[in-house]
Amino acid sequence: MDEVISFAYGLLQRQMNNPAAILLINLGAYLLAEKLFNRMGRKGWFHPLFTTSLLVFLVIRCSPLEPDVYTRHSELLKMLLAPFTVALAVPLSRQLHTLRQLAGPLLCTLLIGGLLAALMGMGMALAAGGSRDVVLSISTKAVTTAVALVMGEQYGAIIPLVAAVVIISGVYGSLVGPALCRKFGVTDPRAIGFAMGVNAHAGGTARAFELDLTMGVYSSLGMCLCAVYMPLLVPWLIRLLL
């Protein structure tokens, strides 16, 4: 019996040790997470960004798949992030007319909101005694995952922590952002959407599109502009604080 179990374990380990299997695991986990999200009434706590990570963790934990093997064979997804980053220019170009009309308020919100998002994250990490690597990893919290990973590699940050911080920021922002805006009397969907894009990037944008089309469009605009702004701002903050 032990030999059968050992043979089955080894066979499963070999089958999972290739990029195609890892891609199927990631896609399957996302599809399951999306079904769960819809089944639970699209509640923010069940957002696919969060539950997909949990499902992949359970697969690694409960199967012969080694974390190093998963990381090595996930390079394909990492390669796809680069063209995705370039594709951010498409929605940005489509909103240029809006940018010209509301240039003043939008740029003020971007400059101040982006500064506070990065500065408060890095400041809280320093106040809590975080090491330089941890602070560098948190410095990219206000930008979408594709850009954050590239920035994190350039700064020498802890890449898994970079991804975790960005996802948590996106999910948390998508949960509390709309309610927080309403509490402070902000009801204009353009203002709520832009704030969601600056502070909660892709997660906030997905949630904004669910709530209101205009809110989603402005959230997309905020996310794109922040992807351009953060690589300029964060190096200056690093030199200032570290």
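Author: Helix α11 bends by about 40° at Val176, where the bend at a residue is the angle between axes fitted to the seven residues ending there and the seven starting there. A proline, Pro178, follows within four residues of that point. Please keep in mind that this is a predicted model, in which local features need pLDDT of at least 70 and side-chain atom pairs count only at pLDDT 80 or more, while totals for chains, interfaces and linings use all residues. Residues are numbered from 1 along each chain as its sequence is written, and side-chain values use heavy atoms, with hydrogens and water left out.

Let us follow α11 along its length. Helices here are DSSP runs of H or I with at least four residues, strands are runs of E with at least two, and both are numbered from the N terminus. α11 has 25 residues, and its first and last C-alpha atoms are 35 Å apart, close to the 36 Å expected at 1.5 Å a residue; the expected span of a helix is 1.5 Å times one less than its number of residues. Just after the helix comes Gly185, with a positive phi of about 80°.

Now for what α11 hides. Its buried residues are Val162, Val165, Val166, Ser169, Gly170, Val171, Gly173, Ser174, Gly177, Pro178 and Cys181. Buried means under 20% relative accessible area, exposed means over 50%, and partly exposed is in between, using a 1.4 Å probe and protein chains only. An α-helix has 3.6 residues a turn, so residues three or four places apart point the same way. The cover over the buried residues of α11 includes α3 (48–62), α9, α10 and α12, with contact taken as heavy atoms within 4.5 Å.

Two of these buried residues deserve a stop. Val171 is found in helix α11 and counts as buried because its relative accessibility is 10%. Cys181 has a relative accessible area of 15%, so it is buried. Another cysteine, Cys226, counts as buried at 1% relative accessibility. The structure holds zero disulfides, a disulfide being a pair of cysteine sulfur atoms within 2.5 Å.

One of the helices in its cover is α12, and His201 lies in α12. His201 is not a glycine, yet it has a positive phi of about 35°. At 2% relative accessibility, His201 counts as buried.

Another helix in that cover is α3, which has 15 residues and reaches 20 Å between its end C-alpha atoms, close to the 21 Å expected. Pro48, Thr51, Thr52, Val56 and Ile60 are buried in α3, and the buried residues of α3 pack against α2 and α4 (67–73).

That brings us to α2, residues 19–39, whose 21 residues should span 30 Å at 1.5 Å a residue; the end C-alpha atoms are 30 Å apart, which agrees. In α2, Ala21, Ile22, Ile25, Asn26, Ala29, Ala33 and Phe37 are buried. Seen down the axis of α2, these buried residues fall within an arc of 145°, so they line one face of the helix; the arc is that of the directions from the helix axis to the C-beta atoms. Leu24, Leu31, Lys35 and Arg39 are exposed on the other side. Pro19, also in α2, is partly exposed because its relative accessible area is 42%.

A nonpolar core is a set of buried Ala, Val, Leu, Ile, Met, Phe, Trp, Tyr and Cys residues joined through side-chain atoms within 4.5 Å. In the largest one, of 34 residues, Leu110, Val143, Met151, Phe194 and Met230 touch the most other members. The elements that give two or more residues to this core are α8 (103–127), α9 (132–138), α10 (145–155), α11 (159–183), α12 (189–211) and α13 (213–241). α13 supplies the largest share, 11 residues. A second, separate core of nine residues includes Met16, Val56, Val69 and Tyr70.

To place all this in the whole chain, the secondary structure comes to 13 helices and zero strands. Buried residues make up 40% of the 242 residues.
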